[in-house]
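Let's take a friendly walk through a protein chain. Please have a look at the picture below before reading on.

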Amino acid sequence: MKRSCQHGMIRVLISGSLLIFAGMVASAQANGPAAVAIRSAATSPRPGDMIRLVVAREKELTVDGLVDARGEITLPRLGTLRVTSISARDLEDSVRTLYSAFLRHPDVTVRVQRRIVISGEIMKAGEYYLDASQSLPDLIALAGGFGKDARTSSVEIVRDGVRLNADSRTYGSVAELDLRSGDHVYVATKPWIVRNAIPLFSSAIVLLSVVLSARK
């Protein structure tokens with residue numbers, strides 16, 4: 001009976017370990033470079049985004065185009081194109097086809113970048129453009145990292161006046177999070193009591209020493 005129970009416990013432990021391992025593998029696949037690249041290619045441009053168009057060996061055709069309020073950009077030799085109704089991958093294919101009219105086998109790459117503002121307890125507050133494959137921690141790194149009094153466990157994303165809480169340590173790519181151009185990332189400051197805990201404790205020790213000395 002005892003041996004049967006032990007075997008049962010071993011089977012349970014093995015099954016649990018296999019489930020945990022399977023979960024880790026699935027998570028790694030979902031957030032790996034290949035998965036991030038797929039999500040980035042599927043990202044659709046929006047007004048306010050920056051389109052980075054690179055045509056290999058054709059410097060005059062390589063441009064950064066801002067998507068206007070109508071969802072359009074202007075490209076060299078192609079004129080105005082509407083880009084908000086298709087994915088980055090489809091846009092890349094379309095531009096490649098259009099340039100094939102006067103280029104032989106054009107090598108075209110399209111990247112969608114979101115315009116994000118970051119402020120608060122951060123070293124270099126300002127406006128940054130993030131590729132869809134980049135993440136919230138990447139934005140914080142571009143901004144020089146957290147300030148000494150930052151609440152590093154969480155930040156806020158302000159969109160159209162609405163505040164959304166975000167965990168800066170676990171948030172994934174821009175494509176996965178659906179960060180949008182014009183979003184404002186705000187890094188809060190630690191509470192006053194936390195920032196001044198050591199000085200307050202030191203002052204309390206000194207005061208206690210004075211009181212105890214006065215009683216002698």
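## Ground rules

This is a predicted model, in which local features need pLDDT of at least 70 and side-chain atom pairs count only at pLDDT 80 or more, while totals for chains, interfaces and linings use all residues. Residues are numbered from 1 along each chain as its sequence is written, and side-chain values use heavy atoms, with hydrogens and water left out.

## The chain as a whole

The chain holds 7 helices and 9 strands. Both kinds of element are DSSP runs numbered from the N terminus: helices are H or I with at least four residues, and strands are E with at least two.

How much of the chain is buried? Of its 216 residues, 31% count as buried. Here buried means under 20% relative accessible area, exposed means over 50%, and partly exposed lies in between, using a 1.4 Å probe and protein chains only. The chain exposes about 13500 Å², and carbon and sulfur atoms supply 59% of that area. Accessible areas come from the Shrake-Rupley method with a 1.4 Å probe; for residues, only the protein chains shown count as cover.

Among contacts in the chain with a separation of 6 or more, 52% are between residues 24 or more positions apart. A contact means heavy atoms within 4.5 Å.

## A closer look at helix 3

Helix 3 covers residues 88-99, which makes 12 residues. From its first C-alpha to its last it reaches 16 Å, close to the 16 Å expected at 1.5 Å a residue. That expected span is 1.5 Å times one less than the number of residues.

Which residues of helix 3 are buried? They are Ala88, Leu91, Glu92, Val95 and Tyr99. These residues cover an arc of only 100° around the axis, which puts them on the same side of helix 3. The arc is that of the directions from the helix axis to the C-beta atoms.

Leaving aside neighbours within four places in sequence, Glu92 is in contact with Val108, Thr109 and Val110.

## Salt bridges

A search of the whole structure finds 10 salt bridges. The term means a side-chain nitrogen of Lys or Arg within 4 Å of a carboxyl oxygen of Asp or Glu.

| Pair | N to O distance |
|---|---|
| Arg96 and Glu92 | 3.4 Å |
| Arg96 and Asp93 | 2.9 Å |
| Asp131 and Arg111 | 3.0 Å |

Arg96 and Glu92 both lie in helix 3, 4 residues apart, about one turn of the helix. Arg96 and Asp93 are 3 residues apart in helix 3, and this too is about one helical turn. Arg96 is partly exposed, with a relative accessible area of 25%, and Asp93 is also partly exposed, at 35%.

What about the remaining pair? The side chains of Asp131 and Arg111 meet in a salt bridge. Asp131 lies in strand 6 (residues 126-131) and Arg111 in strand 5 (residues 108-120), so the pair ties together parts that are 20 residues apart in sequence. Asp131 is buried at 8% relative accessible area, whereas Arg111 is partly exposed at 38%.

Salt bridges can also join up: Asp68, Arg70 and Glu72 are linked in a network of them.

Strand 3 (residues 72-75) and strand 4 (residues 79-82) run antiparallel and are joined by 4 bridges. Two strands pair if DSSP finds at least two bridges between them. Across this pairing, Glu72 stands opposite Arg82 in strand 4. The hairpin has 3 residues between its strands, and Arg77 takes a positive phi near 70° there.

Where else does a positive phi turn up? Arg57, which is not a glycine, has a positive phi of about 65°. Arg57 sits in the loop between strand 1 (50-55) and strand 2 (63-66), and is exposed, with a relative accessible area of 71%.

Asp160 is a further residue other than glycine with a positive phi, near 55°. Asp160 is found in the loop between strand 7 (155-159) and strand 8 (162-166), and at 78% relative accessibility it counts as exposed.
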